[in-house]
Every structure is written in structure tokens, then in C-alpha cells.
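Reader: I have a model open and a few things to ask about it. Can we go through them in turn?

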Amino acid sequence: MKKPVTDQADGLRRLMANSPGRLLAFVGGAPGVGVSSVTMNLAAALARLGQDVQVIDECGGVPAAYARLQGRLVLVDARLDGEGLLSPLAAQADELVVVLRPQVEAITAAYACIKRLQQAHALQRMRVLVNHAVGANDANRILANLASVAKSYLALALEPAGCIREDVQLAQARWLNMSVVEAFPGSPAALDVDRLAGDLLRWPAPPENRTGPVLPVAAGVTGEVPARRMSPAAA
């Protein structure tokens, strides 16, 4: 009998076999919410599901355009500029995921970030992920409240991306220079990351949400990080 993770990997691999490459950008609603941790751990979970996944850290000097490759998932650890706006690369993402923590100040900052991005980039939809959540129920309440406010005041569709629970083993995995799904696969955070990876592969293709076409990548690209090379990041 196959292990559940093997069955899931086989099913998702068939699901994505004929899908075009997708670009997903993860951005922090406030400083220190753990975007790098979310992105790198998610990339490792997707790799375990057989996906050809690549992480681009915008702190590493990323080009303004990226070539879409058949079957490849590109996760951008996005950095906002001095005015709080997306880079040309992140602005072309098929999915923009705003990461926040469950504290009141962080939620308020995330809403301000969402409003700024929506107005500046004319976005009609985004996803929101709660990092270091107390639990799924609390995270779902936060996501539902944000979605309701965004719909009423911004005419913006905010869709839940899920949550990753508070877990001391996130920091322990980082100290080991590993992903939490590799170091502690049975931990609460690892289970959440695995669940998020599976859900992500089932997200429907979004409507056109980019500000411009995706151009061929220039020679001498920097800032690309292999999915399984885990670098220390704020969890």
C-alpha cells in the first residue's frame, strides 16, 4: 500500500502534467511576518510533490522579467519598493499572496498594504495567508473579516490561502538549514505547509491580473534560489 504522501504526489503530478508554468508572488503585509520562511518551506513541500519549483528572492538582484517554462512553478519572495509597490516581476504574478501575522497591528498594516497594492496595480483579486496562526479557526476568522472589508470598501476579492500555525520547530528547522517539512514532517507547521502546497496546485487559473506581458529572461540572471537549498529566514 502506498503512503498517503505518495498517492497525493502521483495525483497532483497528473493534475499538473499539461499545465503551463505559473508565477506566484508572496509579499509581507508588514515587516517581519515571515515571507521568506513561508516561500522557502512551501517550495520544499512542492518539490516533495514532484513539482519543478524555483524560488526567486528579490533581495538577490532579480531581473524585471521571467521566462515562463512549461510545468514550472516560480515562487517570488517579493520585496516592496520605497513606496510600498511591487517590482515589475511580482506585478506580473498569476497569484499575489499577502502574508500577515494574527496580531491587530499586523492585520491593520496588511489591510493598508492590500489597499495600496490594489490601487497602484489595479488588482481585482489577491490571496491572504496567516503565518504563525494560533489555529485554523482563528485564522479563518481573520481571513473572513478581511475579505468582507475588502469587498465592501475596495471592491476587491480577497481569497484565503490558508494558514501556518505557530510552531517552535520552524525555528529549529531554520537552525538546521532545512525546511520544516524535511526536518520535522509531522510537526503542525509542516502539516500546514504540506496542505497549502496541495491546495496551491488546485488553485484555478486566475483571470488576467498582470500589468504587462511576460518577457524572455535576460542572460546572467541572479537571485534564483533552488527549492531545496534552504537559507536562514525569519520564521
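Author: What follows is a short exchange about this predicted model.

Reader: Next, helix α2. How many residues has it, and what does it span?

Author: Helix α2 runs over residues 35-48, which makes 14 residues. From first C-alpha to last it reaches 20 Å, close to the 20 Å expected at 1.5 Å a residue.

Reader: Is α2 enclosed by the rest of the structure or exposed?

Author: Largely enclosed, because 12 of its 14 residues are buried. Among them are V35, M40, N41 and L46.

Reader: What comes just after α2?

Author: G50, which takes a positive phi of about 85°.

Reader: Which residue forms a salt bridge with R48?

Author: D194, with the closest N and O atoms 3.8 Å apart. D194 lies in helix α7 and R48 in helix α2, so the pair ties together parts that are 146 residues apart in sequence. D194 counts as buried at 19% relative accessibility, while R48 counts as partly exposed at 33%.

Reader: What about D52, which residue does it form a salt bridge with?

Author: R72, at 3.6 Å between the closest N and O atoms. Since D52 is in strand β2 and R72 in strand β3, this pair ties together parts 20 residues apart in sequence. D52 is partly exposed at 39%, and R72 is buried at 19%.

Reader: How many salt bridges is the count?

Author: The count comes to 11. One of them joins the side chains of E95 and R127, at 3.0 Å from N to O. E95 sits in strand β4 and R127 in strand β5, 32 residues apart. Both E95 and R127 are buried.

Reader: Which residues are linked with those two in a network?

Author: R22, R125 and E159 are linked with E95 and R127 in a network of salt bridges.

Reader: Change of topic: H132. Where is it, and what does its side chain contact?

Author: H132 is in strand β5 and counts as buried at 7% relative accessibility. Its side chain makes a polar contact with the side chain of R101 at 3.4 Å. Another polar contact, of 3.1 Å, joins the side chains of H132 and E166.

Reader: Last one. Which residues form a nonpolar patch on the surface?

Author: W175, L176 and M178, with about 370 Å² of accessible area together. L176 lies in the loop between α5 and α6 and is partly exposed, at 40%.

Technical notes:
Residues are numbered from 1 along each chain as its sequence is written. This is a predicted model: local features need pLDDT of at least 70, side-chain atom pairs count only at pLDDT 80 or more; totals for chains, interfaces and linings use all residues. Side-chain values use heavy atoms; hydrogens and water are left out. Helices (H or I, at least four residues) and strands (E, at least two) are DSSP runs, numbered from the N terminus. The expected span of a helix is 1.5 Å times one less than its number of residues. Buried means under 20% relative accessible area, exposed over 50%, partly exposed in between (1.4 Å probe, protein chains only). Patches are made of residues with over 30% relative accessible area and no salt bridge: like charges are joined within 9 Å, nonpolar side chains (Val, Leu, Ile, Met, Phe, Trp, Tyr) within 5 Å. Accessible areas come from the Shrake-Rupley method with a 1.4 Å probe; for residues, only the protein chains shown count as cover. A salt bridge is a side-chain nitrogen of Lys or Arg within 4 Å of a carboxyl oxygen of Asp or Glu. A polar contact is a pair of N or O atoms within 3.5 Å; within protein, one must be able to donate a hydrogen and the other to accept it, and residues adjacent in sequence count only if both atoms are side-chain atoms.
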